[in-house]
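Please keep the sequence and the structure in view while reading.

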Amino acid sequence: MPLVRVSILKGKPPEYRHAILNNIYQAMREAFNVPEEDRFMTLTEHEESDFVFSPTYLDISRTSDLIMIQITANNTRTLDQKKALYARIAELLVKNPGVRPEDILINLVEVAKENWSFGHGIAQYA
């Protein structure tokens with residue numbers, strides 16, 4: 001059950017934003033074997049003053065088209081699965097909506113299965 005949060009600068013059209021979410025979901029289905037309908041995602045647009053990043057950290061040249069992706073998921077994936085996820089997200093976002101790979105930042109937050117409640121106040125995975 002990944003929970004995805006995406007942050008971008010304000011001003012992109014709906015098609016651009018939808019492509020981001022759809023492609024991240026596709027990558028998670030492929031690389032993390034996420035089940036169909038296991039889709040919980042938000043995309044937040046920020047004013048320039050509220051979207052702060054280094055344009056050169058680790059010698060990667062970033063632009064204002066930076067997409068910050070944070071994925072919270074169970075701590076059950078291998079290193080190879082994580083690398084495959086990062087690569088597939090970048091591959092898909094480069095194709096559609098046309099993001100430069102340098103402008104894709106991904107952060108994976110791993111949690112224990114019992115740290116989820118999908119509703120009713122019940123820890124369904126515990």
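Contact here means heavy atoms within 4.5 Å. The model is predicted: local features need pLDDT of at least 70, side-chain atom pairs count only at pLDDT 80 or more, and totals for chains, interfaces and linings use all residues. Residues are numbered from 1 along each chain as its sequence is written, and side-chain values use heavy atoms, with hydrogens and water left out.

**The sheet**

Helices (H or I, at least four residues) and strands (E, at least two) are DSSP runs, numbered from the N terminus. Two strands pair if DSSP finds at least two bridges between them. By that rule, 4 strands form an open sheet with mixed pairing, in the order β2-β1-β3-β4. β2 (40–46) and β4 are the edge strands, each pairing on one side only. On average, neighbouring strands are turned by 15° against each other, direction ignored. Axes behind such angles are lines fitted to C-alpha atoms, for helices over the stretch in contact, and angles run from 0 to 180 degrees between N-to-C directions.

Strands of a sheet pair through backbone hydrogen bonds, either parallel or antiparallel. Both kinds occur here. β1 and β3 run antiparallel and are joined by 5 bridges. In this pair, Arg 5 stands opposite Gln 70 of β3. β3 and β4 run parallel, with 8 bridges between them. There, Ile 71 faces Leu 108 of β4. Between these two strands the chain passes through α2, and this β-α-β crossover is right-handed. Right-handed means that, with the strands pointing away from the viewer, the path from the first strand over the helix to the second runs clockwise.

**The helices**

α1 lies across β1, β2 and β3, at about 145° to β2. α2 also packs on the sheet, where α2 touches β3 and β4 and makes about 145° with the direction of β4. The 17 residues of α2 reach 25 Å from first C-alpha to last, close to the 24 Å expected at 1.5 Å a residue. The expected span is 1.5 Å times one less than the number of residues.

Buried means under 20% relative accessible area, exposed over 50%, and partly exposed in between (1.4 Å probe, protein chains only). Which residues of α2 are buried? They are Lys 82, Leu 85, Arg 88, Ile 89, Ala 90, Leu 92 and Leu 93. Their cover includes α1, β3 and β4.

Arg 88 of α2 counts as buried because its relative accessibility is 18%. Leaving aside neighbours within four places in sequence, Arg 88 is in contact with Gln 26, Ala 27 and Glu 30.

Val 94 also lies in α2. With a relative accessible area of 37%, Val 94 is partly exposed. Residues up to four places away aside, Val 94 touches Val 99, Arg 100 and Pro 101. Its C-alpha is 9.9 Å from that of Ile 20, 74 residues apart along the chain.

**The core**

A nonpolar core is a set of buried Ala, Val, Leu, Ile, Met, Phe, Trp, Tyr and Cys residues joined through side-chain atoms within 4.5 Å. The largest one holds 26 residues, of which Val 6, Ile 24, Ile 67, Ile 69, Ile 71 and Ile 89 touch the most other members. β1 (3–9), α1 (14–31), β3 (67–74), α2 (79–95) and β4 (104–111) each supply at least two residues. α1 gives the most, with 8 residues. Not counting residues up to four places away in sequence, Ile 69 has contacts that include Val 4, Val 6, Ile 24, Ile 89, Leu 93 and Ile 106.

**Backbone exceptions**

Most residues other than glycine have a negative phi, and most peptide bonds are trans.

| Residue | Phi | Place | Relative accessibility |

A cis peptide bond joins Asn 96 and Pro 97, with omega about 25°. Pro 97 sits in the loop between α2 and β4.
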